[in-house]
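Subject: Structure for your review, with notes

Dear colleague,

I am passing on the structure below, followed by an account of what was found in it. Please read the notes with the coordinates open beside them.

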Amino acid sequence: MIYRKKYLAVFFIAPAFLFLLVFVCYPFLMNIYNSFFEINVLGAPIGKWNHFENYRMLFKDPNMITSIKNTFLLMALVIIFQGGIALLLALLVDYIRRGAQLYRVIFFFPMVISAAALGLIFNLLYLYPDGPLNVIMTSLGFDPIIWKGEGNAFAAIAIPTIWSNVGFYFVIYVMGINNIPTDVMEAAQIDGAVGLKKTRYLTIPLLYNVLTTTFILMITGALRVFDMAWILLPNGQPGGSTYLTGTYMYQMTFINRNVDYGATIAVFIVILGILLSQLTNKIFKPKDY
Amino acid sequence: MKKIMSMLLVILLLAGCASSAGNKSGSKSDAKKITIRTASMYGGTDPGSQNYQNIMNQFMADYPNVTIEDESAPIDEQWRASVINDFNSGNEPDVIYFVHHADGQALVDTGQVVSVETIREVYPDYAANIGDSAMNVLRKKDGQVYCVPMTGYWMGNFVNTELFEEYGLDLPTDWDKLVTAVETFKENGVTPFALALGHIPHFFIEHMFLSAGGVEALQERPNSEEEVPESWVKALEILKELYDMGAFPDDTNSTTEEAVKLLFNEGKAAMLVSGTWHPGSIPVEDPTGQLVTQDQVMVMPFPMHPDGKGTPGIVGGWNGGFYISKAAWEDPEKRDYVVKLVQAHTSSEAISNYTGKDTGGVSPDSSVPVPEVSDRPLVDRGFKFWAEYSANHADPACDHMMSDPKNILYQGLTKIVTGDLTPEELLKQVAEKKPFDY
């Protein structure tokens, strides 16, 4: 009977809907509006109409192009390595009979440390010329490396970013594997599907929907990478070569105070996120089993 | 039992009500409780922080009804932006110690700060001890002054004299000596200049302008590509010249200011371009023998480049000052207290403490004598440095720039030294943003 009284459903949904309207929809619409005007200081009155100048600049600005390239590269690395390592670990843990719980805790552990703390730890590891990594290098007879210098800087951001989130996807995959019906697995085992064959022909295909969901999470997650990158190499150091779309938007809005251009980048990030997640959904359509 | 409990609860309830009513009537009879929100650049390890906090504590002791909620933070671009944002959005502090150049103008443009002239109509002695020379520098577009300074600064080339002696080098009083020093230090594994070019190039770039075009270069205000002075192009060429000579740390494009300061303070770098805020971080004595001490450090002007033109000089000026918000000024309960608070920070005694203790800073109050600091050799040298060279000084050119072009310049410097951008290309990008058009 309760389902016939629509007003009750509306009553309970309304607060969340209002929250969404006030704190997500309104700011986003205002953000689009702001991107068409000149604003030099956050909170300052809106200036004059900028004749789509920000949108023209978006694809001419070399830093923006760098940030888009870096974001796509990070996205690819995240899917390949973050997803790949997490899946591999989940499959391996699935094979072992003793200590699986311990491994789950160990692999998930980086997730409970804040990105800020991890950033500081990696900053210390990367110190030149006498940080821990360089001490190892010199003790092995190599010259110390400027880990955050030109050529290495992007990897210096990508490695901890990927490593720190492996645990999240690992847990999702473990849950996915655990949800595969045991009777299917047992039937396959009777038919001789064990070891790699079981993984190749059963586990991975049956994880398809989970993999699709995690792809979308990884893609949108890569668009939101900010804290680790900013702590490790602020201002796109060195020379703007490590900007991601998120860090460049922050740089423009809060450091350069080019607020209208920052708003334009934010609009671009949202559109890119929607397009990419739609594309992923199209390519990897969920399957019914 | 239930009845007894109920009666007890009623009695407790009534007693509570009576007590709270008593408090309310009591607070009405006491002096009004006032909360003053303040903010300043005295966060972190700034040598003036302790003095700032002492004055705040003394003020609260003198006026027990006043509570000060202070939100000081180390100055950086994000903090500057957040302050202006707060003033724009009606979340401003009552009193703030803030910069005065381009960002000071942005603060004034919010219309939420009150001018010194307005305050003087009610408090004629307000900032009376501050000299006209300082006040005139702080005058804004509308001809009014909005902040009261209590200390000024200078910048210079801090030189580790012990390292220069160790390698038999002359102090870098001219360009040739500087080049010889850079080459010798580089050959011997000592970092010539402690500079984090990718993080805080602010002080070094001003000295490149000086080296290329004298104090006149610091006073240039180009607002278009055509107006970019030759001296600024030359300044960026000199920066690249020094980089190519190996004058900076190997990781200068990606290291931090904190890391390079440590290089200098531990005697691993021979020179550091910094300012009045640095002497306080160098110890007078170091029993561990691991740190450079004040007697080993000299401060001197950055030498002119052989192709440089203009008047040699130094970088220096007024940091900014104390602003009072319009809201606090118009609040009859707060007005007197905020004025007294600013006066507590800008009295002759306070200025003496701000400028004298650890900084070698510049006093805007001529009645404040140069303090006796012979026990702190570098602070003493700082006072002498200012006395000797202040006749030709100018404040940093970049402080007058709006935020966007200024940061484009700072962020482009690493591309200049790596050859990814030419000085002309970078300065064109900066000038196109009309950096001084505000």
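Among contacts in chain A between residues at least 6 apart in sequence, what percentage join residues at least 24 apart? The answer is 68%. Please bear in mind throughout that this is a predicted model.

I begin with chain A, where the mean pLDDT is 91 and 98% of the residues reach 70 or more. Confidence within chain A is lowest in helix 8 (residues 182-190), at a mean of 86, and highest in helix 6 (residues 132-139), at 96. The secondary structure of this chain consists of 13 helices and zero strands, and of its 289 residues 33% count as buried. Along its principal axes, the C-alpha trace of chain A spans about 75 × 75 × 30 Å.

Next comes the largest nonpolar core, which has 181 residues, and in which A:Tyr173, B:Phe209, B:Leu239 and B:Ile324 touch the most other members. Helix 7 (residues 153-178) of chain A gives the most to this core, with 13 residues, while domain 1 (33-152 + 317-356) and domain 2 (153-316 + 384-432) of chain B each supply at least three residues to this core. As general background, nonpolar side chains tend to be buried together in soluble globular proteins.

In chain B, five strands form an open sheet of mixed pairing, in the order 2-1-3-10-4. Strand 2 (66-70) and strand 4 (113-114) of chain B stand at the edges with a single partner strand each, so one side of each is left without a neighbour in the sheet. Helix 4 (residues 102-109) of chain B packs on this sheet, where it touches strand 3, strand 4 and strand 10 (320-325) of chain B, and its direction makes about 140° with that of strand 3 of chain B. Helix 13 (residues 335-346) of chain B lies across strand 1, strand 2, strand 3 and strand 10 of chain B, and runs at about 170° to strand 10 of chain B.

Strand 3 of chain B deserves a separate look, because five of its five residues are buried and it is therefore largely enclosed by the rest of the structure. Strand 3 (residues 95-99) of chain B pairs with strand 1 (residues 34-39) of chain B in the parallel sense, over two bridges. In that pairing B:Thr38 has B:Val95 of strand 3 as its bridge partner, and B:Ala39 has B:Ile96 of strand 3. With strand 10 of chain B, strand 3 of chain B runs antiparallel and is joined by five bridges, and here B:Phe98 stands opposite B:Gly321.

Strand 5 (residues 152-160) of chain B is the remaining element I would point out, since it is mostly covered, with nine of its nine residues buried. Its pairings are as follows.

- Strand 9 (residues 314-318) of chain B runs antiparallel to strand 5 of chain B and is joined to it by four bridges; B:Gly152 stands opposite B:Trp318 of strand 9.
- Strand 7 (residues 269-275) of chain B is likewise antiparallel to strand 5 of chain B, with five bridges; B:Phe158 stands opposite B:Leu272 of strand 7.
- Strand 8 (residues 297-300) of chain B pairs with strand 5 of chain B in the antiparallel sense over four bridges; B:Asn160 stands opposite B:Val297 of strand 8.

With best regards

Terms used
Residues are numbered from 1 along each chain as its sequence is written. Chains are lettered from A and ligands numbered from 1 in the order in which they are written. This is a predicted model: local features need pLDDT of at least 70, side-chain atom pairs count only at pLDDT 80 or more; totals for chains, interfaces and linings use all residues. A nonpolar core is a set of buried Ala, Val, Leu, Ile, Met, Phe, Trp, Tyr and Cys residues joined through C-beta atoms within 7 Å. A residue is buried if 20 or more other C-beta atoms lie within 10 Å of its own, exposed if 12 or fewer, and partly exposed in between; C-beta atoms are placed from the backbone. Domain bounds come from an automatic or database domain assignment. pLDDT is the predictor's confidence in each residue, from 0 to 100. Two residues are in contact if their C-beta atoms, placed from the backbone, lie within 7 Å. Two strands pair if DSSP finds at least two bridges between them. Axes are lines fitted to C-alpha atoms, for helices over the stretch in contact, and angles run from 0 to 180 degrees between N-to-C directions.
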